[in-house]
Amino acid sequence: MMPEMKEFIDQNRVWYCLDCGKCGAVCPITRYERRDFASPRLLIEKAIHGHTDDVMDDALFWSCLTCKRCSELCPSDVYFSEFLRDTRTLARSFDCSGDCTHSEMVQTWGKIMSDADQKQNRLNWLTDDLQVSEDSDTVYFVGCLPYYDTAFKKMDVEGVEIAQAAVRILNHLGIEPQVLADERCCGHDQLWEGDQETFRTLGQINIENLKESGAKKIITTCPECARTLKIDYPQFIENHGLEVLHLVEFLAAQEFNGDTHLKAAVTYQDACNLGRHLGVYDAPRQIMDDLGFELVEMSRTRNAALCCGTSCWTACGQVSKSIQVERLKEAKATGAETLVTSCIKCQIHFKCAQNDPILGDEIDIEIRDLTTLIADSLMEHG
Amino acid sequence: MTTLHPDNIMEGKLQSSSKVIVITCNWNAYSGLETAGTERLTYSSSVHPIKVMCLGQISPGIILKAFEKGANGVLMLGCPPGECQFEFGNRRAEEIYKEVKELVALLGYREEQFKLDWIAAREGQTFVDVVGNFVDGLNGSANNDA
């Protein structure tokens, strides 16, 4: 067995796999992958037997969504997603990588941002009514929202609207946050795709900028940014000592003057990074309740929620589409008018699936980001 | 065999010090380039043309990849309106151009660094003029932050 592989197996408790198969029973890829039988258990077996090539050729190797659904059931607490994250680094050293969607557009803008001299022009979304301050100890970390807004405009995705809504909500609470002109992509996709080098470069630039800003608290509207800044920067780059919160975590601690007038029925998609990765389940539900929305849960919810089907802009195809359609049908079955998400990627992926001209009505449901929903609610009722 | 992977397309083109990528469609624009050649017209040696079957098949990621690999500028050259070999290819190219233009602006590149233009078939002189203006535009504005 390759020494690196042994190290990753050790680090991620892979030896403890009981071969029970609970992971395969819930893995969304296992359910829909038709080219080959793919399950976390099988991949682990290949790894333990020292068949590194087979591991990297496994259908699950690049298509695993790192959604952690398997970890929720694993009786041995095997860190399967983290094991794949680490072994993907090894695969990269052999010049292997997954099939990136959109001609690597997202990865490429990440790479361009990893040049420390690159001066972006990313704050055009800041309209005059939004109050920001350079002295604030709270930074609003925007992430790639302006880029997604441009790249997925055709799908009517909420991009900069989320950023504007976040600042509007913070202003409503009397906070004028800082926004950084030199902010970079957080590097989440690069890290989980095994491109540690770009991840570290992006992370170092971000940490430097955040330290320079004098901020103590970072608020994001992207669950992946939240996870990366909170868990992965300290683990892989530097313990920055800053408090990192997704906006919903921050808002749950605030007091809203609850609008008791009951509004539309909504259903909520737990984003993998906010739910299973960060354990934030109650905050978004509490906020929606406070604001008077009737929440109708889907059949699989909270830590059993189904992922939106694609991760890290890699390996999108029939499997992803099947997962998205399944989830949208589940959302539709609740009878809710709106599917609320807390992650722009969930929104992009679901809206993309909704382009299907044949399924049409079967999966047609309005999709909103929780941030814009909160902002609209607050502005409506003061 | 070289595949159509964005890395492979751009890597070879950008190894030299010259860094202007001109993407031409196979029909009108490339015909302009060929005519310039047969008429012995010259243009900047920093220009590296990439011929594609239709400009509408270029995806935004490939253009961003050119900038990532160090291109100073990317010029897309296609068929004039109404003359696309595939009917809708140049309209598609225009959509792609609009999207990428916003992306490269966000990334901090200047407007002159990314352009779209049309060349009619066999117009060698127009090709040389358009490409020349693009290269002049790049050199004219200083402090290239690419």
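1. Chain A folds into 20 helices and 7 strands, where helices (H or I, at least four residues) and strands (E, at least two) are DSSP runs numbered from the N terminus. Please keep in mind that this is a predicted model: local features need pLDDT of at least 70, side-chain atom pairs count only at pLDDT 80 or more, and totals for chains, interfaces and linings use all residues. Residues are numbered from 1 along each chain as its sequence is written, chains are lettered from A and ligands numbered from 1 in the order in which they are written, and side-chain values use heavy atoms, with hydrogens and water left out.

2. On to the overall dimensions of chain A. Its C-alpha trace spans about 60 × 50 × 35 Å along the principal axes.

3. How much of chain A is buried? Of its 382 residues, 62% count as buried; buried means under 20% relative accessible area, exposed over 50%, and partly exposed in between (1.4 Å probe, protein chains only). The accessible surface of chain A comes to about 15,100 Å², and carbon and sulfur atoms account for 46% of that area. These areas come from the Shrake-Rupley method with a 1.4 Å probe, and for residues only the protein chains shown count as cover.

4. A word on contacts (heavy atoms within 4.5 Å). In chain A, among contacts between residues at least 6 apart in sequence, 80% join residues at least 24 apart. For chain B, 81% of contacts between residues at least 6 apart join residues at least 24 apart.

5. Chain A carries 38 positive and 62 negative side chains, and the centres of the two sets lie 4 Å apart. Lys and Arg count as positive and Asp and Glu as negative, while His and the chain ends are not counted; each charge is placed at NZ of Lys, CZ of Arg, CG of Asp or CD of Glu.

6. The whole structure holds 31 salt bridges over all chains, each being a side-chain nitrogen of Lys or Arg within 4 Å of a carboxyl oxygen of Asp or Glu. One of them pairs A:E33 with A:R35, with the closest N and O atoms 2.8 Å apart. A:E33 is buried at 6% relative accessible area, whereas A:R35 is exposed at 68%.

7. Another salt bridge links A:D58 and A:K46, whose closest N and O atoms are 2.7 Å apart. A:D58 sits in the loop between α5 (52–57) and α6 (59–63) and A:K46 in helix α4 (residues 40–48) of chain A, so the pair ties together parts 12 residues apart in sequence. A:D58 is buried, with 5% relative accessibility.

8. Which salt bridge deserves a look for joining two chains? B:E99 in helix α4 (residues 89–106) of chain B pairs with A:K154 in the loop between α10 (145–151) and α11 (160–172) of chain A, so the two chains are joined. The closest N and O atoms of B:E99 and A:K154 are 3.8 Å apart. B:E99 is buried at 13%, while A:K154 is exposed at 62%. Separately, shared partners join A:R31, A:R300, A:E326, A:R327 and A:E330 into one salt-bridge network.

9. Finally, chain B. Its 5 helices and 4 strands follow the pattern α-β-α-β-α-β-α-β-α along the sequence. Of its 146 residues, 51% count as buried, and its accessible surface of about 7,000 Å² is 48% carbon and sulfur.
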